[in-house]
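Here are my notebook entries from a first look through this structure.

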Amino acid sequence: MADLGFEFAPVGLCMLENRIIRGCNRQFAETFGGTVDSFTDEPFANFYASAEDYEAIGARGLAAMQETGRYSDERVMKRRSGELFWCRVRGQSLTPTDPFQRGIWSVTDLSDERPIVELTQREREVAILTCRGLTSKEIGLELNLSYRTVEVYRARLLEKFQARKLAELVAKLSGMPL
């Protein structure tokens, strides 16, 4: 019964060992573009929008998982075809003393709710932290930038997403109806 629950879950599920895919369900394979068997032993890094995202998100995730054993965020990832898409990712470590050794992760495709806009690596980071409710000063501390530089990135995001104010930008970034 548990195998059926994993295989036919309405969200993408995968088992990771040291950030390598050891198994996944049908929805995960459909989301990323392949068959269940085609993902076995593939580095999860192949599905990040960039190597920088892999490193930065990995560092944040590891810190959170060392504290709580869990991590979640919304981020841009990449399908096998190279197409970028927004998704919600949640993970649970099965090895608390070494969080990335083994864990179960869910991935929910948010493509229908949130269109992709071409963003630089830094714009993506600012967008993600903005959606988490951080102020420009807090984002600056997190990314080692001045708050004025963060404001410049936010201005670019407002323009790219055709938003008039920060609340509208956050709504568009989070896929909320306007």
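I take helices (H or I, at least four residues) and strands (E, at least two) as DSSP runs, numbered from the N terminus. Axes are lines fitted to C-alpha atoms, for helices over the stretch in contact, and angles run from 0 to 180 degrees between N-to-C directions.

A note on the source: this is a predicted model, where local features need pLDDT of at least 70, side-chain atom pairs count only at pLDDT 80 or more, and totals for chains, interfaces and linings use all residues. Residues are numbered from 1 along each chain as its sequence is written, and side-chain values use heavy atoms, without hydrogens and water.

**Helices.** I looked up helix 4 (residues 121-131) and helix 6 (residues 147-160), and found them packed at about 90°, axes 10 Å apart. Helix 4 is therefore roughly perpendicular to helix 6 (65 to 115 degrees). In contact (heavy atoms within 4.5 Å), I noted V126 and A127 of helix 4 and Y153 and L157 of helix 6, among others.

I found 6 strands in an open sheet, ordered 3-2-1-6-5-4 with antiparallel pairing (two strands pair if DSSP finds at least two bridges between them). Strand 3 (42-43) and strand 4 (70-78) are at the edges, each with a single partner strand, so one side of each lacks a neighbour in the sheet. Helix 3 (residues 51-68) packs on the sheet, touching strand 4, strand 5 and strand 6.

**Cysteines.** How many disulfides are there? I count 0 disulfides (cysteine sulfur atoms within 2.5 Å). For C14, the nearest cysteine sulfur, that of C24, is 7.1 Å away. C14 is buried at 0% relative accessible area (buried means under 20%, with a 1.4 Å probe and protein chains only).

Notes. Buried < 20%, exposed > 50% of the residue type's maximum accessible area, 1.4 Å probe, protein only. Parallel < 35°, antiparallel > 145°, perpendicular 65-115°, else oblique.
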